[in-house]
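Subject: Structure handover

Hello,

Here is the structure for you to look through. My notes on what turned up follow below it.

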Amino acid sequence: IWEKYKTQLIEDFSLIDNKKFFENIFPGNNNELKKFDLYKKLKLLLRFEIIKNIKLRFDKKLNLIGDDWSSLSFNSLPSIYNIKKIQNIYKGNICLDLGSMLGSISLYSRSNQIIESGGLIIQSFQSDSREIWENVHDKILFRNLSDLISLIEKLLDNKKYCFTLLQEISENFRHSDKSIEKSLDKIFN
């Protein structure tokens, strides 16, 4: 399945979250567990392909962290579980986020940690990207490998632009505490 759809997925990362795409792979199959298992496997293969290409292009500027990467023949640092160390790694760096393995939402534990730590997040387009990222979505999101490479090149070549983006991301979430309060009020009332 990967070999058959690899080129399409690299040209459009959002296909991985497209219901019709999966119906084409599994016509008439209603086994949701099997589809979800395939979804996770395809997401892993897509991540591998993305990192392989990024590593070829930006080798010395890319730091991979996680035991899983070394098992896939990548040079990587071991997994880190100390929150302070993770925050220090994210802070002030361009942080690639390929989305959650379990779905297509912009904000989840890793993306939240990157933002809270002062990292410059660049993220693959997710189902709620426009709503979450508002005015910065067209500056930090990518839909395919060529968009990602162009974005990384732009950011690596312009530190002032990176600083401006960090400020814009911070501003984007400035009033998020009010949204949380409203949501909690709905839950408890």
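Arg174 is exposed, at 53% relative accessibility. Exposed means over 50% relative accessible area, buried under 20%, and partly exposed in between (1.4 Å probe, protein chains only). Arg174 forms a salt bridge with Glu171, with the closest N and O atoms 3.0 Å apart. A salt bridge here is a side-chain nitrogen of Lys or Arg within 4 Å of a carboxyl oxygen of Asp or Glu. Glu171 is partly exposed, at 43%.

This is a predicted model: local features need pLDDT of at least 70, side-chain atom pairs count only at pLDDT 80 or more, and totals for chains, interfaces and linings use all residues. Residues are numbered from 1 along each chain as its sequence is written, and side-chain values use heavy atoms, leaving out hydrogens and water.

The whole structure has eight salt bridges. One of them joins the side chains of Glu49 and Lys52 (3.4 Å, N to O). These two are three residues apart in helix H3, so about one helical turn separates them. Helices are DSSP runs (H or I, at least four residues), numbered from the N terminus. Glu49 is buried, at 9%, while Lys52 is partly exposed, at 32%.

Glu168 and Lys139 also meet through their side chains in a salt bridge (2.7 Å, N to O). Glu168 sits in helix H10 (residues 159-172) and Lys139 in helix H8 (residues 137-140), so the pair ties together parts 29 residues apart in sequence. Glu168 is partly exposed, at 24%. Lys139 is partly exposed too, at 25%.

Best wishes
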